[in-house]
Amino acid sequence: MVTSILPLTFRDATVKRRGKTLVGPIDLALAPSGLTIVLGPNGSGKTTLLRLMHGLERLSKGTAEWQISDVEVRRRQAYVFQTPIMMRRSVRDNLAYPLIVHGTPKAAARAQAWNWAERINLADAFERQAPLLSGGEKQKLALARALIRKPEVLFLDEPCANLDGRATREIEEILQEAHASGTRIVMSTHDIGQARRLASDVLFMLKGRLHEHGPAQAFFASPETPEAAAFLNGDIVE
Amino acid sequence: MNDILEGLKAAFFMLVSLDPDLVEITLRSLQVTLSALVISSAIALPFGSWLAIRRFRHRRATIAVLNALMGLPPVVVGLTVYILFSRAGPFGVFGLLFTPTAMIIAQVIIITPLIASIAHQSIRELWAEYHDLLISLNTSSRQRIAALLWDGRRALLTASLAGFGRAIGEVGAIMIVGGNIDHATRVLTTAIALETGKGDFALALGLGFVLITLAIAVNLLIHGLTRTESGSRW
């Protein structure tokens with residue numbers, strides 16, 4: 001039986017850089033299921049929190065504990081960056097890369113890459129160089145590349161920032177499919193409409209701290225803090 | 001001006017008539033330079049990449065030394081290799097002095113820092129771009145270096161071609177360790193030096209033009225084979 005890597009438990013978790021606290025202290029337990037949306041104004045620490053969860057940031061203080069060992073944890077999660085990082089390769093090779101580096105034979109990896117390219121409507125661009133794709137296509141490709149290894153947890157940092165409605169809808173559909181098939185999703189966004197459409201629970205960040213955390217329905221219906229209410233109203237929150 | 005025209009004429013006739021001596025020294029030039037280039041690239045490209053992604057004590061000092069070694073005086077390299085491989089030297093037993101192998105060794109020492117330094121600069125930029133992705137994908141150091149070498153191959157080609165340019169035109173070190181022996185270690189550059197010394201400027205210039213043509217031809221060939229700058233490729 002495969003043990004889940006979740007829950008992820010933070011205790012007094014703090015990230016500092018050059019003496020300045022970017023995030024924390026945070027106490028949080030990330031449950032094994034759900035689609036968590038991280039909300040908050042610019043500079044509130046959303047990206048740092050996601051990077052910390054994924055292991056791209058180091059704790060300056062406190063602890064972060066997954067259910068199982070660190071090595072296995074890294075293999076079973078993926079991350080989609082706000083600005084998609086495209087390897088200077090074809091769409092095919094970008095999709096196949098995560099599989100090949102983890103031991104999948106090239107032919108099998110390319111077959112899976114083709115399936116994913118069809119699924120995200122990039123089959124026509126399969127042999128094209130990925131850095132030459134449009135912004136929306138790059139983000140879909142980055143998402144497919146993250147999902148191709150069927151991660152247990154997927155982190156996304158504002159994946160739909162700067163995308164038009166159609167591209168956003170396509171990304172959301174892929175995310176909902178992944179969520180339905182059991183992938184735990186943690187995603188930051190500025191788009192409150194998107195948060196309403198997708199979230200099962202919400203983390204509201206402000207000034208590097210976890211200001212509010214709870215089920216999405218309750219958060220959107222009656223936020224507990226005036227800052228969260230102001231943010232939902234579209235007011236400027238600092 | 002007359003010498004230049006005579007040189008061009010001499011180069012033309014030597015090329016058209018496939019002068020046997022010219023063919024021999026041209027092939028030897030290519031053999032020595034390309035061998036040195038392959039060996040240096042095999043050392044310098046992974047080393048440059050490793051240097052770009054690894055953080056260790058004295059890293060900055062290592063990079064500074066590497067950059068300084070780009071300006072290594074060839075004559076000093078030649079002299080050092082000469083001493084090491086002379087009969088009384090520690091490697092004298094191999095009997096390599098005044099052979100193309102000694103010339104290759106000298107060229108490897110000269111061009112490896114140059115290729116490694118340029119490779120390091122290019123890979124450092126690519127690493128800044130790929131850093132988060134490759135860490136997120138849980139790749140090993142070896143896989144990271146492999147990805148950077150592959151995706152940065154066109155920039156690395158430039159590094160190797162810079163090494164080729166330096167090696168093919170090198171004369172000081174290979175004159176010392178090769179000895180410019182006819183039918184044994186004579187290459188284009190040492191032949192030019194010899195003809196200049198003899199006062200045959202036309203022939204020396206002719207060989208010079210052949211050397212330039214060779215350098216351009218190899219560059220174009222490599223660019224052509226790797227399809228650099230062709231549409232929709234990186």
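User: Is A:Phe81 buried or exposed?

Analyst: This is a predicted model. A residue counts as buried when its relative accessible area is under 20%. A:Phe81 has 9% relative accessibility, so A:Phe81 counts as buried. A:Tyr79 counts as buried too, at 5%.

User: How do I read a pair of aromatic rings?

Analyst: Take two values: the distance of the centres and the angle of the planes. Over all chains, the count is eleven aromatic pairs. One of them joins A:Tyr79 and A:Phe81, with 4.7 Å from centre to centre and 45 degrees between the planes. That pair is tilted.

User: What kind of pair do B:Phe47 and B:Trp50 form?

Analyst: Planes under 30 degrees apart count as stacked. The planes of B:Phe47 and B:Trp50 are at 20 degrees, so this pair is stacked. Their ring centres are 6.1 Å apart.

User: Which residues form one aromatic cluster in chain A?

Analyst: Look for A:Phe204, A:Phe219, A:Phe220 and A:Phe231.

User: Which charged end sits over the ring of A:Trp116?

Analyst: That of A:Arg119, 4.1 Å from the ring centre. Now turn to chain B. There the charged end of B:Arg153 sits over the ring of B:Trp150, 4.0 Å from its centre.

User: How is the size of an interface given?

Analyst: Often as the accessible area lost when the parts come together. Between chain B and chain A, about 1,900 Å² is buried. Carbon and sulfur atoms give 56% of that area.

User: How many salt bridges cross the interface of chain B and chain A?

Analyst: The rule finds three. A:Arg88 and B:Glu129 meet through their side chains in a salt bridge, at 3.0 Å from N to O. Polar contacts are a separate count: eight residue pairs between chain B and chain A, both residues at pLDDT 80 or more.

Terms used
Residues numbered from 1 in each chain as written. Chains lettered and ligands numbered in written order. Predicted model: local features only at pLDDT ≥ 70, side-chain atom pairs only at ≥ 80, totals over all residues. Heavy atoms only, no water. Phe/Tyr/Trp six-rings, centres within 6.5 Å; stacked < 30°, edge-to-face > 60°. Buried < 20%, exposed > 50% of the residue type's maximum accessible area, 1.4 Å probe, protein only. Lys NZ or Arg CZ within 6 Å of the ring centre and 35° of its normal. Buried area = accessible area lost by both parts, 1.4 Å probe. Salt bridge = Lys/Arg side-chain N within 4 Å of Asp/Glu carboxyl O. Polar contact = N/O pair within 3.5 Å; in protein donor to acceptor, adjacent residues only side chain to side chain.
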